[in-house]
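Here are a few exercises to work through with the model open. Try each one before you read its solution.

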Amino acid sequence: SPTLKVHNDGFNKRYALAFGLSWIAGFVDAVCYIALYQVFVANMSGNTIALAVESTQQHWELFFRRGAAIPVFVLGMLLSKWGIYLAERRRFSFLPAVIYGLEALLLALFLGLGMPIISGGEVQTSSALEYYFLLALPALAMGLQNAMHTHFGPFNLHTTHVTGTLAKFTDEFAEFLVWCSERTRAR
């Protein structure tokens, strides 16, 4: 029968990392939702649902802003996964540090370039190019993070959205309850 490991420092550190990255993703998403006029950079479910709403209400400016975040997020995930698969073939063990470093750099660029043009909590620019460039920085960073943490560690966890994580938690918890009941019956 399977045994349950309760204490393992490496495992606990990975949970701490997952918690920290999830907190960062939520914080970045909240800040960007306000600063970038109701666009999620980490929660693509929110953007895709809003695309349908915005199109039926013919709010085309918000439709395009929200829609722009999705391919950039996917590009970040693609770059991260591509790096993971290349690193596995070439045995690069330092890839997580590179990806998380790139994520930090993209977020720092967002702050550095965005702070001078954020007024009243929102980006104040008349340049669409400047706006979409600022939008791309955190969306790319969150895509990198989301794909990276699903591959390393003892569990598969999406740190940039909650629905999938809650579904996986529920599945794991149900398996744990079955394991507990089988163990109790065996006694």
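**Exercise 1.** Is Phe 64 buried, partly exposed or exposed?

*Solution.* Start with the ground rules: this is a predicted model, where local features need pLDDT of at least 70, side-chain atom pairs count only at pLDDT 80 or more, and totals for chains, interfaces and linings use all residues. Residues are numbered from 1 along each chain as its sequence is written, and side-chain values use heavy atoms, with hydrogens and water left out. Next, the cut-offs: buried is under 20% relative accessible area, exposed is over 50%, and partly exposed is in between (1.4 Å probe, protein chains only). Phe 64 comes out at 48%, so it's partly exposed.

**Exercise 2.** Which residues does the ring cluster link?

*Solution.* Rings of Phe, Tyr and Trp (its six-membered ring) pair if their centres lie within 6.5 Å; planes under 30 degrees apart are stacked, over 60 edge-to-face, and the rest tilted. A search of the whole structure turns up eight aromatic pairs. One of them, Tyr 37 with Tyr 131, is tilted, at 6.5 Å centre to centre and 40 degrees between the planes. Ring pairs join Tyr 37, Tyr 131 and Tyr 132 into the cluster.

**Exercise 3.** How far apart are the end C-alpha atoms of helix H3 (residues 60-90)?

*Solution.* Helices are DSSP runs (H or I, at least four residues), numbered from the N terminus. The expected span is 1.5 Å times one less than the number of residues. With 31 residues, H3 should span 45 Å, and its end C-alpha atoms are 45 Å apart, which agrees. Just past H3, Arg 91 takes a positive phi of about 60 degrees.

Methods
Helix = DSSP H or I, 4+ residues; strand = E, 2+ residues; numbered from the N terminus.
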